[in-house]
Amino acid sequence: MIADPSSCSNFHEIVITHIDLDWDVDFESKRIAGSAELHVNALKRTDKLVLDGNQLVLKGFSHDDKPLNFSVDKNDLFGEKITVDIGAIDEGQERKIKVQYTTGESASALQFLDKELTKDKELPFLFSQCQSIHARSIVPCMDTPGIKQSYSAKVSVPSLFTCLMSAVGEGSEVNGDKTTYTFKQPVPIPAYLLAIVAGRLEKKVISDRCAVWAEPSVVDSAAYEFADTEKMLKAAEDLAGPYVWGRYDLVVLPPSFPFGGMENPCLTFVTPSLLAGDRSLANVVAHEIAHSWTGNLVTNATWEHFWLNEGFTVFLERKIMGRLYGEGHRQFAALTGYEDNLLPCIHDQFNPCHPYTKLITDLKNVDPDDSYSVVPYEKGSAFLMYIEQQIGSNERFEQFLKAYLAKFKYQAVTTDMWKACLEEFFADKKAVLDNIDFHKWLNDPGVPPNKPQYDETLVEACRKLAKKWVDGSDADVNAITKDDFTTMTSAEKVKVLQCIRTAGPLSTYKLEALDRTYSLLSSRNCEIKFAWLQIAVKARWSQVLPAALQFVTTYGRLKYLRPLYRNLFSWPEARNQAIAQFQQNIPSMHPISVQVIKRLM
Ligand code: BES
Ligand code: ZN
């Protein structure tokens with residue numbers, strides 16, 4: 001087993017194989033109180049269990065009801081190191097260690113929202129976000145993706161609430177004003193996939209194994225938006241092998257959820273900003289479905305190999321979308337991912353020498369939330385697409401993908417393990433593989449050494465329209481009507497805007513004309529609004545400032561917050577207002593987002 005710089009647990013000596021949770025969710029104190037029984041198995045003789053924690057209020061550890069001594073040491077960046085004296089335990093022996101505890105005053109994995117911050121404003125809401133290293137703030141655990149355990153849980157919530165977890169629900173029981181829900185996750189999972197949500201939630205069935213959960217007033221629109229879920233799941237199974245998790249449900253969270261989607265097993269969490277009304281953002285669901293194999297079944301052993309989770313998932317996401325909507329769609333998505341996400345990230349957000357632009361990162365003393373970027377997603381998926389093209393057969397590469405997933409299912413992998421598997425599978429293509437500069441792709445910062453080839457058919461029209469705006473005279477742009485734009489798909493509209501952005505700042509005259517002609521801020525697709533705000537903010541067009549501040553207040557996705565706040569903070573005219581807006585928003589923001597944005601100021 002390899003070392004994980006993000007965890008101080010002693011998983012090399014002893015591992016957790018199962019966690020049994022008994023939780024009570026208290027919306028008054030905004031804490032979870034209860035116990036966890038950790039089933040441990042010694043890999044070698046030891047007398048200590050070292051766990052990760054973060055601001056937990058520990059009441060005591062015990063074994064067979066006999067208290068155990070424990071100590072807590074500060075670990076500045078990553079919380080606390082909890083050492084429990086469990087008594088000598090021999091290699092191969094099992095033991096059940098119980099801990100009574102309460103989550104801290106503001107557990108980094110949890111957001112308790114007052115009812116005013118929900119859609120229907122009827123009940124408060126709770127959701128968790130454990131990836132990458134926040135599970136330790138809700139349970140003392142081995143918070144490394146290299147260790148997998150099954151779990152079971154009993155969770156009490158006030159009776160009006162519905163509680164869901166990243167597991168299969170086994171029913172509920174009413175006890176007075178509380179309801180206790182029972183869950184089972186029989187498949188061993190890494191701690192970061194532990195998840196809970198509680199609120200006023202209603203369910204709408206999509207298929208035998210898929211349903212959408214959301215607040216009552218949005219559940220119908222959510223079911224419409226995600227109607228293709230079962231089709232995507234079938235395409236994914238065809239590409240990746242059997243779906244082992246039983247159910248695939250989705251839950252729509254409040255807008256402060258910091259991500260587009262989170263692949264919690266059995267229950268993907270999604271942002272309400274995906275509800276564009278036209279299914280145009282459903283690729284996020286394809287992405288989270290893909291994680292059921294790449295990430296949840298075959299897991300990166302440490303966050304330094306995060307690209308094995310996200311690069312593979314983006315690759316598989318686009319394969320799924322390609323199966324549903326055609327290879328052209330896949331090519332378009334891959335090309336825009338490379339040109340509009342990866343390259344600007346390497347050149348603008350970082351620089352081509354920045355260590356975070358490496359595929360394999362060094363996370364010693366680095367919080368994974370800080371190093372998070374599109375690099376593992378887009379450089380990683382570009383690498384796989386490049387290899388696929390060098391192999392010269394999509395069918396064979398898809399066979400490899402299946403073989404890789406079958407070989408490492410239920411395990412955790414490093415990049416070396418993946419590479420060895422690739423070399424073994426393509427033993428007949430040794431010369432082709434020898435020609436690929438693995439070292440540069442994996443270990444060097446900056447732009448990849450090779451660019452995959454993309455079919456550019458679908459982007460031509462986007463480039464042409466963008467060129468009109470960029471190269472045209474004021475009179476020319478005045479003559480542009482909205483028609484060419486309105487008939488495009490949302491993804492094409494975003495591409496037009498990205499091409500305009502790449503060309504450099506537009507004059508104020510053109511910015512005004514663009515805004516007027518396409519009414520971009522009235523779009524229901526947040527990617528379009530975001531792409532436009534990026535253009536206007538980067539051009540430092542003061543008229544857009546109120547809309548930009550409104551956007552960062554309405555949408556909680558870090559994908560939008562991080563670049564927008566960064567650009568607003570570095571714009572002298574906007575800086576003070578942006579800081580004031582941020583400070584005003586903090587009480588309603590997610591703790592992870594607050595942390596990330598604070599570090600940008
Ligand atoms: N697992 C990630 C979200 C994540 C990553 C949370 C790292 C915390 C730490 C999820 O699958 C994801 O990648 N979401 C993307 C979806 C997009 C790439 C389609 C997002 O939120 O934007
Ligand atoms: Zn992902």
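Throughout this tour, contact means heavy atoms within 4.5 Å. The model is predicted, so local features need pLDDT of at least 70 and side-chain atom pairs count only at pLDDT 80 or more, while totals for chains, interfaces and linings use all residues. Residues are numbered from 1 along each chain as its sequence is written, chains are lettered from A and ligands numbered from 1 in the order in which they are written, and side-chain values use heavy atoms, with hydrogens and water left out.

**Stop 1**

H287 belongs to helix α3 (residues 283-290) and E310 to helix α4 (residues 306-325), so the pair ties together parts that are 23 residues apart in sequence. Helices here are DSSP runs of H or I with at least four residues, strands are runs of E with at least two, and both are numbered from the N terminus. Both H287 and E310 are buried, a term that means under 20% relative accessible area, with exposed over 50% and partly exposed in between (1.4 Å probe, protein chains only).

**Stop 1: the annotated active site**

Next, select E288 and Y377, which an unreviewed UniProt entry annotates as "active site". They are spread over 90 residues of sequence but cluster in space, with a largest C-alpha distance of 12.9 Å. UniProt positions are given in the numbering used here, feature names are shortened, and annotations may be inferred rather than shown by experiment. E288 is found in helix α3 and counts as buried because its relative accessibility is 3%. Beyond its neighbours within four places in sequence, E288 is in contact with Y248, G261, M262, E263 and T268.

**Stop 2: the annotated binding site**

The unreviewed UniProt entry also lists a "binding site", whose residues include F259, G260, R557 and L558. Select F259, in the loop between β18 (248-252) and β19 (261-262). Is F259 buried or exposed? With a relative accessible area of 15%, F259 is buried. Its contacts, apart from neighbours within four places in sequence, are Q129, T271, Y372, R557 and L558. G260 lies in the loop between β18 and β19 and is buried at 10% relative accessible area. With the sequence neighbours within four places again left aside, G260 is in contact with F269, V270, T271, L274, V284 and R557.

**Stop 3: helix α19**

From L558, select helix α19 (residues 558-569), which has twelve residues. Ten of the twelve are buried, so the helix is mostly covered. Among the buried residues are L558, Y560, R562 and F569. To see what covers them, display helices including α5 (327-349), α17 (526-538) and α20 (572-585).

**Stop 4: a loop residue**

Finally, select V218, in the loop between β17 (210-214) and α1 (219-225). V218 counts as buried because its relative accessibility is 11%. Leaving aside neighbours within four places in sequence, V218 is in contact with K119 and L275. The C-alpha atoms of V218 and L275 are 9.0 Å apart, although 57 residues separate the two along the chain.

How values were computed. Expected span 1.5 Å × (residues − 1).
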